[in-house]
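Work through the exercises below with the structure open beside you. Each task is followed by a solution in steps.

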Amino acid sequence: MEKTAMKRNYGIDLLRIVCMIMVPVLHVLGHGGLLGGSEFLSIKYELIWFLEAAAFCAVNCYALISGYVCYGAKNRYTNLMMVYLQVFFYIASVSILYAILRPGKLDISDTVKQAFFSFALGPYWYVRAYFCMFFFIPFLNLVLDKFDKVTMQKLLFVTFIVCSFLPTAFRADIARLDRGYTFLWLVIMYLVGAYIRRYGLWDNMKNWKNLLGYFLCVLISWGVKLIMDLVQDSSSPNKIDSTFLIRYTSPTIVFCALFLFMFFLNIKIKPQMVKFIKFFAPASFGVYLLHEEPLIREKLITGTFTVYLNLPAWLMVLAVLGTAVLIWFGGSLVDRVRIFFFDLFKIKRCCIWIEDSISRIFNKSSKNLNSRKH
């Protein structure tokens, strides 16, 4: 059954929120120093890596959401301008605040480059990748429109084999996807999300099975790492990277994202939850932009959370999850303030006016050129 009607699905919005809690989990573990600071093969080490495996599909989920939401919708450059202005807002505001608090400590030229040219020189790899992908969205949607279901299935299957299975099986980046930190990987995930929008994916499966599938994929990703760590000599120069299943391009992480996406796609949202989702979902991306802003990351996150290793194992896990929730909650409130000021100054309306004005100029020029030819 084709699915192109753009009806609001609050389960997808709830997934945005969940993923934006998972992303800070990854950053608390990674930037925060827990992954590198825990004792090899200790209980804490294994719990930390389990959390890493459980949260690692968040970026893939976001790309799936982009495909699901954008397929069948008008591709407005206003959306790209709004992302650009969000990035500019956070880099500029944090930098100005830091310059006031620590005069003479800020590299102005580097900050200006990051703020004004975030699509090329900015600190957010996802923003740079999304910027590139955005211009291909009309063509990606055209692929979905022109290809029939069987052809799309063949395309996605071949893509999965070449870009996910084979690189993982041979531990070689044969598709040059840099473990998924590229716009090409976002393109692939976009196509999968758009395919789900049009044709669905195991729609008749009970939703508890989607949740079970997600946890099984997490366990496989984590379990394989545990086995590899146990059977290898940690001091060996030929030691195989045991994290090869904990990457964006890993088949298990891809299926983690798919199972989680389908779970939230089919989840029943109670009416009393809708207000909560409406408030927090639009602020989700701002959480990422705020806590990954270079100065915020350097001063407040990098190496900060190694103290959690001194806690009992169960309390360490709660501390990591609690910190991620606090980052999400605080970042969401900050972004709600940003949304308020953007609405106050009618930023989106201005972007729409700019886009429409440029479109009218190009359309007029095109008509004049065609009239001259005739």
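Phenylalanine 88 touches Ser93, Ala115 and Phe116, when residues up to four places away in sequence are not counted. The model used in these exercises is a predicted one.

**Exercise 1.** Find where phenylalanine 88 lies, and decide whether phenylalanine 88 counts as buried, partly exposed or exposed.

Solution. 
- Step 1. Locate the residue: phenylalanine 88 is part of helix H5, which covers residues 77–101.
- Step 2. Take the relative accessibility, which is 26% for phenylalanine 88.
- Step 3. Compare with the cut-offs: buried means under 20%, exposed means over 50%, and partly exposed lies in between. Phenylalanine 88 therefore counts as partly exposed, at 26%.
- Step 4. For a distance, take leucine 315, which is 227 residues from phenylalanine 88 along the chain; their C-alpha atoms are separated by 37 Å.

**Exercise 2.** Describe the nonpolar surface patch of about 550 Å² and say which residues make it.

Solution. 
- Step 1. List the members: Ile108, Val112, Phe116, Phe117, Phe119 and Leu121.
- Step 2. Assign elements: helix H6 (108–116) and helix H7 (118–121) are the elements that give two or more residues to the patch.
- Step 3. Find the largest share: H6 gives it, with three residues.

**Exercise 3.** Decide whether threonine 249 is buried or exposed, and list its contacts beyond the neighbours within four places in sequence.

Solution. 
- Step 1. Threonine 249 sits in the loop between helix H12 (207–231) and helix H13 (251–266).
- Step 2. The relative accessibility of threonine 249 is 9%, so this residue counts as buried.
- Step 3. With neighbours within four places left aside, threonine 249 is in contact with Cys163, Ser164, Thr168, Leu177, Arg179, Gly180, Trp185 and Val254.

**Exercise 4.** Which residues of the largest nonpolar core touch the most other members?

Solution. 
- Step 1. The largest nonpolar core has 107 residues.
- Step 2. Cys57, Tyr126, Ile196, Tyr214, Phe261 and Tyr288 touch the most other members.
- Step 3. Take cysteine 57 as an example: leaving aside neighbours within four places, cysteine 57 is in contact with Met22, Tyr214, Ile253, Cys256, Ala257 and Leu260.

**Exercise 5.** How many salt bridges does the structure hold? Work through three of them.

Solution. 
- Step 1. The structure holds nine salt bridges. As a general point, side chains of opposite charge can pair when their charged atoms come close.
- Step 2. Lysine 225 pairs with aspartate 229, with the closest N and O atoms 2.8 Å apart. The two are four residues apart in helix H12, which means they are separated by about one helical turn. Both lysine 225 and aspartate 229 are buried.
- Step 3. Salt bridges with shared partners join Arg8, Asp13 and Arg16 into one network. Within it, aspartate 13 bridges to arginine 8, the closest N and O atoms being 2.9 Å apart. Aspartate 13 counts as buried because its relative accessibility is 3%, whereas arginine 8, at 56%, counts as exposed.
- Step 4. Arginine 76 pairs with glutamate 355, with the closest N and O atoms 3.3 Å apart. Arginine 76 lies in the loop between helix H4 (58–70) and H5, and glutamate 355 in helix H18 (residues 347–373), so the pair ties together parts 279 residues apart in sequence. Glutamate 355 is buried, with a relative accessible area of 9%.

Definitions and conventions
Residues are numbered from 1 along each chain as its sequence is written. This is a predicted model: local features need pLDDT of at least 70, side-chain atom pairs count only at pLDDT 80 or more; totals for chains, interfaces and linings use all residues. Side-chain values use heavy atoms; hydrogens and water are left out. Patches are made of residues with over 30% relative accessible area and no salt bridge: like charges are joined within 9 Å, nonpolar side chains (Val, Leu, Ile, Met, Phe, Trp, Tyr) within 5 Å. Accessible areas come from the Shrake-Rupley method with a 1.4 Å probe; for residues, only the protein chains shown count as cover. A salt bridge is a side-chain nitrogen of Lys or Arg within 4 Å of a carboxyl oxygen of Asp or Glu. Buried means under 20% relative accessible area, exposed over 50%, partly exposed in between (1.4 Å probe, protein chains only). Contact means heavy atoms within 4.5 Å. A nonpolar core is a set of buried Ala, Val, Leu, Ile, Met, Phe, Trp, Tyr and Cys residues joined through side-chain atoms within 4.5 Å.
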